[in-house]
Amino acid sequence: MKQSSVVGRQSSALLYYITDRSQFPGDEASRRRRLIEKIADAARCGVDYIQLREKDLCARELEILAHAIVIELRTGNKKLETGFLINSRTDIALACGADGVHLRSNDISPAEVRKIWTQCGAGVAARVTLGVSCHSAKGVAQAAAQGADFVVFGPIFEKKSAQPTGLDALRKACREKIPVLSLGGVTLENAESCIQAGAAGIAGIRLFQENEISKVVGQLRSSTQE
């Protein structure tokens, strides 16, 4: 997997797929197989980042799944540029050879992760990519100051048991000096409005998992082209 540069991708909207295997039918083994297949398909179709977010798995099971995904992404096509990030777990990201970590809003800071990454020797050969979840412009500013590569901001339109932030809040967040990706109820129909509000890209779970990846990527690239 080639290490990707956020700055180098700003000519088009960034696409960020967040996983949730529970949305797939079947037993646990079937869901994992479907997830790996979907991730591989997303990488082939040019999704910029994939975040493994299976929060219900114990550390060992998450590491096993992450290893399987890394093997799938790196087998047969060494030129894939999709960045593979692990949700919150820096230790597992290092152990499986992921490209980086996605941090929750209440996680350790990006600066701390970079320090750990370098101390473990991974930072010498490949730069770690760090995303942070944010829900306010203040949080976005803090993530930028602490060295995050980008933030995922939301929920923009809707989320169960959470009040949407809306496009006005997204516009305010996008004034900070860091790429901001919009999340939460983003669809093929409203994605363009997020880009017009200043978002550097689109993040989603259902958007990528419930649709044919090639069509989603094609339509998003077309509708959000700068």
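Phe208 is found in helix α9, residues 206-209, where helices (H or I, at least four residues) and strands (E, at least two) are DSSP runs numbered from the N terminus. The model is predicted, so local features need pLDDT of at least 70 and side-chain atom pairs count only at pLDDT 80 or more, whereas totals for chains, interfaces and linings use all residues. Residues are numbered from 1 along each chain as its sequence is written, and side-chain values use heavy atoms, with hydrogens and water left out.

Phe208 is buried, with a relative accessible area of 0%; buried means under 20% relative accessible area, exposed over 50%, and partly exposed in between, with a 1.4 Å probe and protein chains only. Not counting residues up to four places away in sequence, Phe208 touches Leu15, Tyr16, Tyr17, Lys38, Val47, Ile202, Ala203, Ile213, Val216 and Leu220, a contact being heavy atoms within 4.5 Å. From C-alpha to C-alpha, Phe208 and Thr187 are 9.7 Å apart in space and 21 residues apart in sequence.

The protein chain as a whole comes to 10 helices and eight strands. Of its 226 residues, 48% count as buried. Among contacts between residues at least 6 apart in sequence, 62% join residues at least 24 apart.

Helix α6 spans residues 137-145, and its buried residues are Ala137, Gly139, Val140 and Ala143. Seen down the axis of α6, these residues fall within an arc of 160 degrees, so they line one face of the helix; the arc is that of the directions from the helix axis to the C-beta atoms. An α-helix has 3.6 residues a turn, so residues three or four places apart point the same way. The buried residues of α6 pack against α4 (110-119), β5 (129-134), β6 (150-153), α7 (166-173) and β7 (180-182). On the other side of α6, Lys138 and Ala145 are exposed. Just after α6, Gly147 takes a positive phi of about 95 degrees.

Helix α6 also takes part in a pocket. Both β5 and α6 supply at least two residues each to the lining of the second largest pocket. On a 1 Å grid over the protein atoms alone, a pocket is an open set of points where a 1.4 Å probe fits, with protein on both sides within 12 Å along at least five of seven lines, and lining residues have an atom within 4 Å of a point. The second largest pocket is lined by 13 residues, of which Arg104, Ser105, Val132, Gln142 and Gln146 lie nearest its centre.

Two loops hold backbone features of note. Most residues other than glycine have a negative phi, and most peptide bonds are trans. Ser88, in the loop between β3 (83-87) and α3 (90-96), has a positive phi near 70 degrees. At 14% relative accessibility, Ser88 counts as buried. Pro155 is placed in the loop between β6 and α7, and the peptide bond from Gly154 to Pro155 is cis, with omega near 5 degrees.

The cysteines complete the picture. The structure holds zero disulfides, a disulfide being a pair of cysteine sulfur atoms within 2.5 Å. Cys174 is in no disulfide, and the nearest cysteine sulfur, that of Cys194, is 8.8 Å away. Cys174 counts as buried at 17% relative accessibility, while Cys45 is partly exposed, with a relative accessible area of 25%.
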